[in-house]
Amino acid sequence: MKRRRIFPFAAAGVAVALGLAACGGSSNKSAPQQKSSAYNAAINGVVNPSSHKGGTLTFDLSSVPDSTDMGNTYYAFMWNTVRLYSRALVTYKSVPGAAGNTIMPDLATSLGQVSSDGLTWTYHLKPNIKFEDGTTVTSQDVKYAVERTYAKDVLPNGPSYFKLLLKDPSYPGPYKDKTPGKMGLTSITTPDASTIVFHLAKPFSEFDYVAALPQTAPVPPAKDKGANYQLHPVSTGPYMFQSYQPDKQFVLVKNPNWDPATDPNRKQLVNKFVFNLNVNADTIDQNLFHNFAQVDMAGTGVQAAGRARVLSNPALKANADDALSGFLWFTYINTKVKPLDNVHCRRAVEYAADKTAYQTAYGGPVAGGDIASTVMPPTVTGYQKFDLYEATTKPHGDVAKAKQELSACGHASGFSTTMAYRSDRPKEKATATAEQQALSRVGIKLTLQGYPSGKYFTDFAGVPNFVHSHNLGLDIGGWAPDWPTGYGFLYYITAGPAISPAGNTNIEELNDPAVNSMFDKAVKTTDTAARNAIWSQIDRRVMSDAVILPGVYAKSLLYRNPNLTNVSLQQYYAMYDYATLGLK
Amino acid sequence: MARAKRDGAGGAALAGDPSPVVNSAPPDGLLDVRDLRVHFPTDDGLVKAVDGVSFRLDRGRTLGIVGESGSGKSVTSLAILGLHHGTSARITGEIWLDGRELVSADPARVRQLRGNKMAMIFQDPLSSLHPYYSVGNQIIEAYRIHNDVSRQAARAHAVELLDRVGIPQAATRVDDYPHQFSGGMRQRAMIAMALSCDPELLIADEPTTALDVTVQAQILDLISDLQAEFGSAVIIITHDLGVVAELADDVLVMYGGKVVEYGTAEDVFDSPQHPYTWGLLGSMLRLDRERAERLIPIKGTPPSLINVPSGCAFHPRCPYAELNGGRSTDEVPELRAAAPGHLVACHLPLSERRRIWTAEIKPSLDGSGQAREAKEAP
Amino acid sequence: MLRCPGCPRAPGLRAMIPFIVRRLVITVFLLLVVSMITFAIFFLVPRLAGQNSYQLAVQYVGRNPTPAAVHAIERKLGFDQPLVVQYGRFVRGIVLGAHYDAGPDKTYCPPPCFGYSFRNQQPVWPMMLSDLPVTASLAFGAAVLWLVFGTAIGVLSALRRGTVFDRAAMGIALAGVSLPIFFTGLVALELFSFKWPIFPNVQYVGLTQNPLLWARNLILPWTTLAFLYAALYARLTRAGMLETMGEDYIRTARAKGLAERKVIVKHGLRAALTPIVTIFGMDLGLLLGGAVLTEFTFSMHGLGLFTVLAIQNNDLPEILGVVMLAAFFVVIANLIVDILYAVVDPRVRY
């Protein structure tokens with residue numbers, strides 16, 4: 001499923017702020033030079049390591065969380081934030097670099113123990129983990145938390161993997177559950193208070209990643225308030241809710257019942273976290289520069305005005321990190337719209353496209369990202385670099401080879417098709433315009449068609465019938481994984497069974513038996529290394545099928561407030577790790 | 001109450017040759033205006049609203065200032081009250097009020113006299129009274145500006161005044177607002193306000209123009225009564241000769257910012273000397289004329305005060321202008337005595353004027369057909 | 001009897017009671033109509049464009065619109081009901097309150113219940129109530145500033161008409177009226193909050209929490225908002241004063257020998273301010289519904305920002321709530337202004 005980041009809107013006065021910033025050029029009073037603070041220092045290392053305690057850490061967000069309820073949220077920054085007050089069965093390591101993609105036990109004593117048929121996954125809970133009120137966490141609390149994800153009328157926002165993978169998909173959710181204790185979900189059993197067993201419908205070797213979702217954070221049934229649970233979720237993490245004014249602010253304070261001995265991953269350094277919501281996006285950047293706030297909660301980087309300032313000011317730049325965000329921006333090449341049903345025509349598109357223009361349309365190397373040649377970005381486990389269509393060696397495209405491919409598919413002088421994009425996304429529009437120009441070099445004439453992003457997948461590009469009837473041979477899009485493996489990244493955009501009549505994410509409608517069988521094999525392969533190798537094979541096969549034209553591995557320029565300690569980029573969340581932060 | 005006498009006793013007596021130069025004799029009477037000029041510089045030119053006006057007024061007497069719109073009558077009265085202060089007006093000449101010269105005086109001193117020693121009532125009482133304050137409040141304000149008394153005492157005085165000017169139920173009506181009064185009552189209230197400080201000079205600028213005919217007479221009666229009672233000097237400014245005939249002891253006829261005729265009411269009505277005055281008399285509505293000729297209008301339109309006609313300002317409209325051998329277009333006529341106490345500014349010789357009056361104008365004004373036939377006879 | 005004999009007095013407020021009652025009844029009808037129109041726009045317009053209730057429900061299912069989730073939300077929010085039923089539920093909520101199925105139990109929101117936000121299932125009325133003090137602080141504070149400065153400058157300009165002062169003041173007023181708030185606000189923020197930390201960290205602090213900080217943090221938004229309105233009021237007051245000072249009753253006041261200052265204030269300004277006061281009432285009423293641009297620029301959580309977010313999120317209960325509240329303020333402001341007019345101008349009769 002597609003996990004979304006927030007892309008805050010820039011205020012209308014950006015130009016002014018830019019102008020004033022340019023003539024301001026102020027030396028930032030709150031940025032003393034640190035030896036360990038350098039551009040991109042947090043990507044592979046920890047900046048300002050410290051065990052100093054105390055202070056209030058302020059986060060600013062330009063919108064609101066979809067929910068603070070761990071079972072009801074689907075944003076990367078929230079999945080990062082909920083770790084402050086909740087612990088799932090397993091979690092991602094809070095270390096910089098590629099190791100951050102590794103799953104490690106959190107509530108559980110170890111990663112899941114899978115049965116030989118692959119259908120049963122067992123976790124044992126660490127003893128004496130307590131909720132914020134002192135009661136001990138039991139396996140039923142974890143089961144109840146998972147049961148809540150079935151109540152889509154009350155908690156509609158989160159992913160639906162459990163319903164998809166477990167045996168009892170018709171479970172109506174705990175609010176309609178008539179069984180005593182509301183334990184009616186048969187596909188999860190709790191033989192004792194510290195053991196929980198998941199019964200899958202089919203083998204799924206990456207179930208640990210599903211267990212890492214915040215939805216397995218325990219919820220005591222007696223304290224569940226349904227839609228209002230978000231106001232004060234019961235904490236198992238180092239912090240707990242003190243107050244929550246919806247749309248305005250919520251405040252976390254230390255949880256006295258969190259035991260650091262059971263939790264090597266997190267830190268409890270500051271006294272208080274304050275989250276300010278609905279703050280103007282440009283103001284957030286200024287707040288960071290002037291230390292009125294320390295973190296931009298959305299984690300997608302500074303705005304255009306802030307970016308100009310950071311890059312031009314060496315003192316500010318030393319506090320910035322240009323990090324891969326885990327997204328790939330790309331274009332689907334539909335296999336059902338003629339003449340793109342012929343692989344050579346598709347390869348012609350791959351060769352003829354101007355990759356530099358793609359990158360420029362998204363904002364260039366710093367703000368946009370790196371030119372991509374694979375479907376899986378480097379942040380995903382199993383990534384291997386390869387380049388079938390000279391994207392990195394000839395970034396302006398290879399007209400000669402494109403023309404060869406055109407001859408091979410019988411359209412030597414080119415062909416016409418329509419390119420769809422999301423009309424309210426200026427970067428996509430710029431990309432469409434640039435590629436229209438690039439492809440016209442070899443005679444491929446594109447008609448550009450914009451659609452509103454809210455309905456892009458539900459009504460337009462995500463509806464195969466619509467795509468066919470409107471000749472949408474090329475469709476611009478983007479993707480980020482729900483977990484950092486080939487499955488998380490590739491399945492929903494390249495697997496045959498993922499094609500659906502509406503809300504389709506396999507927009508190219510690839511139904512390659514080779515790809516499908518590789519997926520089948522991978523979900524049964526429990527050996528991690530072997531499984532990861534398969535992902536790269538799928539990647540290669542998909543690229544060989546030329547059904548996806550990769551654009552950029554997206555990057556965002558993050559600003560690291562110099563008063564923060566223990567700052568590092570968590571590769572999976574693709575932003576600073578919120579569970580380790582402290583203040584000077 | 002006895003009316004002010006109209007026989008000229010103590011009337012407007014000017015020294016023999018009233019040249020437009022400042023009179024060096026000491027100021028006489030209550031009000032002595034000497035060669036008053038009020039000029040307004042504008043983008044279009046210099047507006048000579050009042051250009052050399054002189055007259056005198058004693059206590060107990062009434063002066064009627066007559067003229068068309070734009071003749072300078074109101075500007076003159078505003079100048080007396082010092083109400084041009086703060087505007088762009090340039091005022092020269094002298095205004096002597098009871099021995100004190102006002103044009104050169106400190107505006108603060110003039111303000112102390114305003115509403116106090118000299119007061120003014122205006123043409124439209126509805127727009128001249130503040131709509132948001134009760135009539136009593138406005139009278140009280142007028143009184144308390146110049147008198148240090150308590151509100152209660154001022155209020156009692158206001159009630160008394162309203163009663164005196166003939167407003168029934170004055171004690172209740174004192175708290176009413178101007179719009180709650182009828183036109184005539186409003187004007188009475190305005191008069192009451194003007195009299196609140198017992199002024200020695202009352203200027204009434206077109207006091208009846210905005211009122212019904214029946215009410216007019218009442219107001220004029222009232223003014224006359226009050227004058228007799230308080231012994232104040234009154235200036236009535238009007239374009240209506242009928243009003244002047246009712247009240248005035250002396251008449252000042254203005255045209256184009258200048259005085260054209262000045263004398264007692266009898267002189268001006270019985271033997272008018274200026275062609276403009278003849279025209280005014282002819283323009284009066286009279287019931288006793290033949291139906292077809294009730295009105296004899298003056299041809300032409302009032303002069304521009306920026307580009308005043310050369311020579312005699314009236315010459316473009318004067319039927320007798322050609323008879324002067326060109327003097328009317330070249331020379332400004334001076335104000336000269338036609339008879340003791342009767343001044344006229346006209347180039348026509350006195351005898352000529354008398355002849356024209358007796359032979360032509362008077363008969364047509366009397367309305368008998370024979371006079372007309374006599375005029376048309378060779 | 002009267003405490004201040006001869007002072008302008010209220011024209012028998014008792015006589016105005018039938019008028020006031022009539023207006024209040026009309027207010028209720030008006031608010032009903034407003035709610036109906038909002039309802040219609042929200043539902044009917046997309047329907048005319050071909051959207052069905054399923055597609056409508058998709059917007060509120062977060063990032064994961066599986067058919068099961070969408071259907072569940074569709075039922076939960078009542079989109080599958082006929083419009084009349086939905087509207088009836090809404091009205092019932094306002095009058096009697098409503099129950100909401102939050103999951104394990106039902107919550108009750110007392111009247112006036114504008115429903116629960118589609119987005120985060122929180123009751124709308126308390127959210128609006130907590131936003132109201134912010135907007136009220138912003139509106140009233142700015143109102144005092146613009147009224148005082150705007151009218152003062154307008155009066156001075158009128159009295160010094162044509163002078164350098166007048167030209168300069170009207171020039172600045174033109175700038176104030178022309179420059180959009182999101183420009184002046186951002187400039188103010190950049191200069192006085194970030195570049196020179198005179199007002200660092202402009203965030204709303206409750207009046208009861210910390211009055212000094214409340215005022216200090218509001219100074220920038222107040223001046224930004226007031227600048228716009230003061231400019232308008234300066235021009236209006238100047239025009240009104242010029243007109244008033246040319247009236248006959250001013251001449252009469254001077255003729256009475258009244259000191260010029262009293263003429264200007266007691267006679268001139270008093271009359272010139274009447275239309276100003278009524279416009280002021282209207283402006284304040286509108287502003288109480290939310291100073292959208294100012295709140296957005298300064299990230300103040302008032303009704304204006306609430307409105308923007310409600311519309312962005314297509315959240316009908318929030319939209320309805322804020323629209324009706326804003327309409328209520330406007331209507332009441334109208335009523336107060338009409339009453340004030342009758343008090344101020346004795347010629348006015350109802």
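1. In the largest nonpolar core, which has 175 residues, A:Ala212, A:Leu328, A:Ile333, A:Ala352, A:Ala461 and A:Leu490 touch the most other members. Such a core is a set of buried Ala, Val, Leu, Ile, Met, Phe, Trp, Tyr and Cys residues joined through C-beta atoms within 7 Å. A residue is buried if 20 or more other C-beta atoms, placed from the backbone, lie within 10 Å of its own. Apart from this core lies another, of 102 residues, including B:Leu78, B:Val251, B:Val268 and C:Tyr249.

2. The model is predicted: local features need pLDDT of at least 70 and side-chain atom pairs 80 or more, while totals for chains, interfaces and linings use all residues. Residues are numbered from 1 along each chain as its sequence is written, and chains are lettered from A in the order in which they are written.

3. The contact between chains C and A takes 40 residues from chain C and 44 from chain A; two residues are in contact if their C-beta atoms, placed from the backbone, lie within 7 Å. On the side of chain C, H7(C) gives the most, with eight residues.

Definitions and conventions: Helices (H or I, at least four residues) and strands (E, at least two) are DSSP runs, numbered from the N terminus. A residue is buried if 20 or more other C-beta atoms lie within 10 Å of its own, exposed if 12 or fewer, and partly exposed in between; C-beta atoms are placed from the backbone.
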